[in-house]
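Here is a friendly briefing to read alongside the sequence and the 3D view. Take a moment to turn the model around before you start on the points below.

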Amino acid sequence: MLTLNILRRVEATQAEVVHIYVDASFDRLKYSGLGGMLVDMSGNILLFFSEEVDADTLDSIMAKGQKTVIQELETMAVLAALQSWSVFLKQRRTVLFTDSESVRGSFLKTWSANKDSDDMVDLIFKVEESFGVPVWIERVPRQSNPADVLSRETLTEFKGATRVRVSPREIWSSLPK
């Protein structure tokens, strides 16, 4: 924004606060997935996603010799939530919770040493700016993250919330190569 000389709008109005919880799981031999939920001020889960990351997508994410892609998947869960729900988030204050300290750190630093995560962080900020959706990010301990269950298996129903489909493959293919 500084290099483009774009003004950032700052408002002192009160708005509804929503919480987003995201998580990812990685088990090359069993199940890898992304999960997320959007919760209103009353604690109602409004929207969720719960998607498996297929083997072909995992293969394309993993660099030669890489043993895990959990950082990439955790960052992808943040990106999936903000891309999918950005229109809903407009005019609301958003607090996003992740159990990944590396994702939180990348968000706060605005970059990651991991190139793929860095590309996703860049897209996260573009979504945030284009929709005027300022996001505050916090860490939640893994055992307290309600999105954990959504990343461990594909759920089509969850506590009466509306399911939003996200495609890990499409998110991955949209990144610059």
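**A first look**

R169 is partly exposed, with a relative accessible area of 42%; here buried means under 20% relative accessible area, exposed over 50%, and partly exposed in between (1.4 Å probe, protein chains only). This is a predicted model, in which local features need pLDDT of at least 70 and side-chain atom pairs count only at pLDDT 80 or more, while totals for chains, interfaces and linings use all residues. Residues are numbered from 1 along each chain as its sequence is written, and side-chain values use heavy atoms, with hydrogens and water left out.

**R169 and its surroundings**

- R169 sits in helix α6, which covers residues 168-173; helices (H or I, at least four residues) and strands (E, at least two) are DSSP runs, numbered from the N terminus.
- Leaving aside residues up to four places away in sequence, R169 touches D54, D56 and T57, where contact means heavy atoms within 4.5 Å.
- From R169 to F97 it is 72 residues in sequence and 23 Å in space, C-alpha to C-alpha.

**The sheet and the helices on it**

- Strands of a sheet pair through backbone hydrogen bonds, either parallel or antiparallel.
- In this model, 6 strands form an open sheet in the order β5-β4-β1-β2-β3-β6, with mixed pairing; two strands pair if DSSP finds at least two bridges between them.
- At the edges stand β5 (135-139) and β6 (162-163), each with a single partner strand, so one side of each has no neighbour in the sheet.
- Strand β3 (residues 45-52) pairs with β6 in the parallel sense, over 2 bridges.
- Across that pairing, F48 stands opposite R163 in β6.
- Helix α2 (residues 70-89) packs on the sheet and touches β1, β2 (33-39), β3, β4 (93-98) and β5. The direction of α2 makes about 150 degrees with that of β1; axes are lines fitted to C-alpha atoms, for helices over the stretch in contact, and angles run from 0 to 180 degrees between N-to-C directions.
- Helix α3 (residues 101-109) also packs on the sheet, touching β4 and β5, and its direction makes about 150 degrees with that of β5.

**D23, a buried charge**

- D23 belongs to strand β1, residues 17-25.
- Although buried, D23 has no salt bridge, and the nearest side chain of opposite charge, R152, is 4.3 Å away. Lys and Arg count as positive and Asp and Glu as negative, while His and the chain ends are not counted. A salt bridge is a side-chain nitrogen of Lys or Arg within 4 Å of a carboxyl oxygen of Asp or Glu.
- The side chains of D23 and S151 are joined by a polar contact of 2.9 Å. A polar contact is a pair of N or O atoms within 3.5 Å; within protein, one must be able to donate a hydrogen and the other to accept it, and residues adjacent in sequence count only if both atoms are side-chain atoms.
- Residues that D23 touches include G33, E74, D99 and N145.

**Salt bridges**

- The count comes to 10 salt bridges.
- One of them joins R92 and E16, whose closest N and O atoms are 2.9 Å apart. This pair links distant parts of the chain, with R92 in the loop between α2 and β4 and E16 in the segment before β1, 76 residues apart.
- R92 is partly exposed at 21% relative accessibility, and E16 is partly exposed at 29%.
- R165 forms a salt bridge with E51, the closest N and O atoms being 3.0 Å apart. R165 lies in the loop between β6 and α6 and E51 in strand β3, 114 residues apart.
- R165 is exposed at 60% relative accessibility, whereas E51 is buried at 5%.
- E101 and R139 form a salt bridge with their closest N and O atoms 3.8 Å apart. E101 is in helix α3 and R139 in strand β5, 38 residues apart.
- Salt bridges that share partners join E51, R163 and R165 into one network.

**Two positive phi values**

- Q91, in the loop between α2 and β4, has a phi near 70 degrees, a positive value in a residue other than glycine. Q91 is exposed, with a relative accessible area of 64%.
- K159, in the loop between α5 (148-152) and β6, is not a glycine either, yet has a positive phi of about 50 degrees. K159 is exposed, at 66% relative accessible area.
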